[in-house]
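Here is a short tour of one protein chain. Keep the sequence and the 3D view open as you read.

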Amino acid sequence: MKKFLSIFTVLMLTLVCKAGNVDWSYKLIGDNTADPSLEITAKIERGFHLYAFDNPEMGSNPLVMTFDLKGCSLVGKPTPDKAYSKEFNDIFGVEEHYWTGTVKFTQKLKATAPTYTAKVEITGQVCNDGSCFQVFGSHKFEGKSPLANDKKEEEAKEGLKEETKADESDASQAEGVAEMIDSLQSANAPLVPGVNLSNADTSGWWDNVEAEFKVFKDDPSQQGRSLWYIFIAGFLGGLIALVTPCVWPMIPMTVSFFLKQNKTRRKSIMAAVTYGASIIVIYVLLGLIVTAIFGASALNELATSAGFNIAFFLLLVLFAISFMGGFEITLPASWSNKMDSKVDSTTGYLSIFFMAFTLALVSFSCTGPIIGTLLVEAAATSNFISPAIGMFGFSLALALPFTLFAIFPTILKSVPKSGGWMNTVKVVLGFLELALALKFLSVADLAYGWRILDREVFVSLWIVIFALLGIYLLGKITFPHDSKVEKVSVPRFMLACISLAFAVYMLPGLWGAPLKSISAFAPPVSTQDFNLYEGSVHATSSDYEEGMRMAQELNKPVMIDFSGFGCVNCRKMEAAVWTNPEVKSIIENDYVLITLMVDDKKPLPEPIEVKESDGTERTLRTYGDKWSYLERSKFGANAQPYYVLVDNNGKPLAQPYGYDENVPKYLQFLRSGISRYNSQKK
């Protein structure tokens, strides 16, 4: 079991899911022939899948290749070199078709002129377990072909000239984004009685604002809050670890050793301070090593990876069973023996450091789950020093008693003696670890679409876990290492009441109640089969310019929701976060909500030629193309869901928000936008 745990822990830390996209490559086959063909290769990053041409209408956005030809014609349709995979999507209720890995498409041509061009534009959708992205590709092929006689060649040249003139005429009619806004402005009728939408100031609506987002990224108050949260979480974790059987008995033993080993009180205090400082150094180094190995961004991906969540679920279940007395988990004895030998073979402060290292190894069975959970929480902040800050808080709480009791040894007499109460703490932690493990399993369940842990199943399990915890605290259930409960102490009784009350609080969740306090842990409401709760949020507008004009007239900030008909995670956010009464109230009353579907196939009045940031020319043919281009050109993003708060001049009010079913965090996001908008008005 020890070896298995060590291997399992290593595997857990190496499961990383990287975000990515599709790399396109292009090749012209059969140049200087009458029957050339175009070879288009899509290299799909591992973990992602690209939806096929014939993906069902109710599913995710299918792949589309649009060809603009001069001097040639298409022969058939693009043909892939391998069949697509099929998988039923429970959210949309259809069997979706997709490719993974590398797929090559071949489009045959028929040359009708001595020189020809073929421009291809590609749109589609690629998804992984956590996000969906719009994919784009564009390339212009140029080739030559022999003709039967010179007369046909001359006729073909004249035809090409006419086509070129027509294209130049069409291009002159599309003058970019500014004209696009003006052309649509007059066509929109007011949606709100008495509101004039024709006098809006459109300047700045399409300007790039990526640089302005950096202000929020570097906002000290924002960083301070997250780091303070991690520090406090670590400190509380250290306090919990203190009262476990692995650590608590070590306090009087270690302090007594320092007092007896040193003849003067001053030296005893210095030894205890060194011991405490060594504990802090060891755990902070652990946090820095974890970050150095994976990096800040990889840690965030690790925390949201389906594979990692499965591994962490299994590990927490193992720890829970161990805490409840099923078996004992310890690190290999050879590790602690080596540390003991180092203590014996060294002297002075180095010996004390190895004593601290021995404590860290011996107490692993109690501190391991707490440290692991803390590191996962720190990873989600994507801040390089978060793991180190969390470990600093944890080790500070762990080290303080050793130092304080060495300075004030008389206090040791009033410290509760080791006993059965410590095993009770351990069992309670086992219940909490078991409940937390379900959260990680839920993430993987949603990612893979297993539907084995829908919301009502999750809530039912939590009700059972916390009800049993309350019954255990009342002494009605005992585990292998528990002492017999003769009388229930007042603190134990109060904790039992809290646990049972929490179980009762969750009961309405079986019928669809929001359960705000656990919304960050439970699966989204959309996974619940029986739901009596109604409370959906509707967009104020589905057109960017129209919504911005309304915001100016109504003098409100704007929330732009980049979504998609085929975006599963968009539906999850709407069901799990937007249905929260407070979130719903703020969005409906304090913002103008503009929902833009990036896979909307409704054609624009006229195609619009635009240039991407990399210089690639693209043609926007649908409203989905237009909203996707807005997201890329203005905000430098290409993911859904993607929420942006802007004032009614198009300037950002907060850092954008992606897929994260954390209601308190989303509320903070909304409130920060309102606060900045009001301060701007003043």
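## Gln134 and its surroundings

Leaving aside neighbours within four places in sequence, Gln134 is in contact with Asn21, Asn61, Gly124, Gln125, Val598, Ser628, Asn638 and Gln640. Contact means heavy atoms within 4.5 Å. Gln134 lies in strand S10, residues 132-144. Helices (H or I, at least four residues) and strands (E, at least two) are DSSP runs, numbered from the N terminus.

Is Gln134 buried or exposed? Gln134 counts as buried because its relative accessibility is 4%. Buried means under 20% relative accessible area, exposed over 50%, and partly exposed in between, with a 1.4 Å probe and protein chains only. Gln134 and Asp625 are 491 residues apart in sequence, yet 9.6 Å apart in space, C-alpha to C-alpha.

## Where the numbers come from

This is a predicted model: local features need pLDDT of at least 70, side-chain atom pairs count only at pLDDT 80 or more, and totals for chains, interfaces and linings use all residues. Residues are numbered from 1 along each chain as its sequence is written, and side-chain values use heavy atoms, with hydrogens and water left out.

## The whole chain

The protein chain holds 21 helices and 16 strands. Of its 682 residues, 49% are buried. Now take contacts between residues at least 6 apart in sequence: 75% of them join residues at least 24 apart.

## An open sheet

Four strands form an open sheet. Their order is S1-S2-S8-S5, and the pairing is antiparallel. Two strands pair if DSSP finds at least two bridges between them. The edge strands are S1 (22-29) and S5 (72-80), and each pairs on one side only. On average, neighbouring strands of this sheet are turned by 20° against each other, direction ignored. Such angles run from 0 to 180 degrees between N-to-C directions, with axes fitted as lines to C-alpha atoms.

S5 pairs with S8 (residues 102-111) over 6 bridges, in the antiparallel sense. Pro80 stands opposite Phe105 in S8. Cys72 is also found in S5. With 9% relative accessibility, Cys72 counts as buried. Cys72 and Leu109 are 37 residues apart in sequence and 6.5 Å apart in space, C-alpha to C-alpha. Beyond its neighbours within four places in sequence, Cys72 has contacts that include Leu109, Lys110 and Tyr116.

## An enclosed strand

Why is strand S16 (residues 642-646) largely enclosed by the rest of the structure? The reason is burial: 5 of its 5 residues are buried. In a regular strand the side chains alternate between the two faces of the sheet. In S16, Tyr642, Val644 and Val646 point one way. Tyr643 and Leu645 point the other way.

Strand S11 (residues 558-563) is joined to S16 by 5 bridges, and the two run antiparallel. Val558 stands opposite Val646 in S16.

## The second largest cavity

How many cavities of 30 Å³ or more does the structure hold? There are 2. A cavity is a set of points, on a 1 Å grid over the protein atoms alone, where a 1.4 Å probe fits but cannot get out; lining residues have an atom within 4 Å of a point. A volume is the space filled by probe spheres set on the points.

Its lining residues are Ile279, Ile282, Tyr283, Ala356, Leu359, Ala360, Ser363 and Leu398. Helix H7 (265-294) and helix H11 (348-362) each supply at least two of the lining residues. The lining has 7 nonpolar residues, 1 polar and no charged. Here Ala, Val, Leu, Ile, Met, Phe, Trp, Tyr, Cys and Pro count as nonpolar, Asp, Glu, Lys and Arg as charged, and the others, Gly among them, as polar.

Note on methods
1 Å grid on protein atoms, 1.4 Å probe; cavity = no way out; pocket = protein on both sides within 12 Å on 5 of 7 lines; lining within 4 Å.
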